[in-house]
Amino acid sequence: MNDLYVLYRGPLASCNYDCPYCPFAKRVDPPHLLRADRADLRRFTGWVEATTDRRLSVLFTPWGEGLTRSWYRDAIVRLSHLPHVARVAIQTNLAARTGWLAAADPRVAALWTTYHPGQVTRDRFLARCRELDELGIRYSVGVVGLPEHYDEAVALREALPPAVYLWVNAAEGHVYTGKEERRWTALDPRFGDSVRPHPSLGLPCRAGDDAISVLGDGTVRRCHFIPAPIGNLYDGTWRAALRPRACTNSLCDCHIGYVHLEPLRLRDVYADGLLERIPAAWP
Ligand code: SF4
Ligand code: SF4
């Protein structure tokens, strides 16, 4: 049986950064929501621990920033030591301390990091990357491909070790000229995957078959982009819901979705690095 890719997103939506392109910038979660997020995550990690009949790969995709919260750090450490967990990764702005990762298994724990110019200096971000290198933690680094980020992205690429993959996400709503596309592609050879949304209606997608999206209350959906539930994690109904399906959306324009869209064959490109976004052949 194939591995099951599980994307988890609890109610947490607060973030310590204030990116102008983000609806979650500097949002503050009230204490009751933080308590609920923590309890939901505890329940989810318990499910991962108990679900030993499949190899699991888990990606935390919080709306806001998770690593400033102890419960995400603890969950990553805990899950990284489970024999049936192949990967546990999180999307993060890398603002938080990294020392806690020393307690995680570096063969399993990984980070999908994003550099947000204007929120943190390049030097400070690079210092965090060096900490990850010293800890032996796998990570990718990304930037949003806004014109005003370009010089920072070039400088970041030059400063990062060649072994670290730098990805560029097309900025939402931005239409790239041929020239712009070429210069971003020179930084990230896979920018072409991101630059335009992928027509997906009717095409086979593994989301809902061996990849699922899970909300804090256990609602299971195919992916983060099709809201219809297909089951629940905690009553076991997710198991019978898994089957190959065609996409019902006209477009798929997010990496965490279209990596499962079969005609793109991106699972071959990323292989074991699928969740933390590191192509298998990099560098
Ligand atoms: S770091 Fe991420 S979640 Fe936080 S404001 Fe920026 S884009 Fe939004
Ligand atoms: S192609 Fe994208 S939107 Fe469609 S099912 Fe797959 S992940 Fe979801």
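Let's start at Arg265, in the loop between α8 (255–258) and α9. Helices here are DSSP runs of H or I with at least four residues, and strands are runs of E with at least two, numbered from the N terminus.

A word on the source. This is a predicted model: local features need pLDDT of at least 70, side-chain atom pairs count only at pLDDT 80 or more, and totals for chains, interfaces and linings use all residues. Residues are numbered from 1 along each chain as its sequence is written, while chains are lettered from A and ligands numbered from 1 in the order in which they are written.

Back to Arg265. Its phi is positive, about 55°, and it is not a glycine. Is Arg265 buried or exposed? Exposed, because it has 9 C-beta neighbours inside 10 Å. The cut-offs: 20 or more other C-beta atoms within 10 Å means buried, 12 or fewer exposed, in between partly exposed, with C-beta atoms placed from the backbone.

Next, Ala271, in the segment after α9. Ala271 is not a glycine either, yet its phi is positive, about 45°. It has 12 other C-beta atoms within 10 Å, so it is exposed.

Pro283 also sits in the segment after α9 (266–270). The peptide bond from Trp282 to Pro283 is cis, omega near 0°. Why point these out? Most residues other than glycine have a negative phi, and most peptide bonds are trans.

Last, ligand 2. Which residues come nearest? Cys205, Cys223, Cys247, Cys252 and Gly257, out of 14 around it. Here a residue is near if its C-beta atom, placed from the backbone, lies within 6 Å. By class, the shell has 9 nonpolar, 4 polar and 1 charged residues. Nonpolar covers Ala, Val, Leu, Ile, Met, Phe, Trp, Tyr, Cys and Pro; charged covers Asp, Glu, Lys and Arg; the others, Gly among them, are polar.
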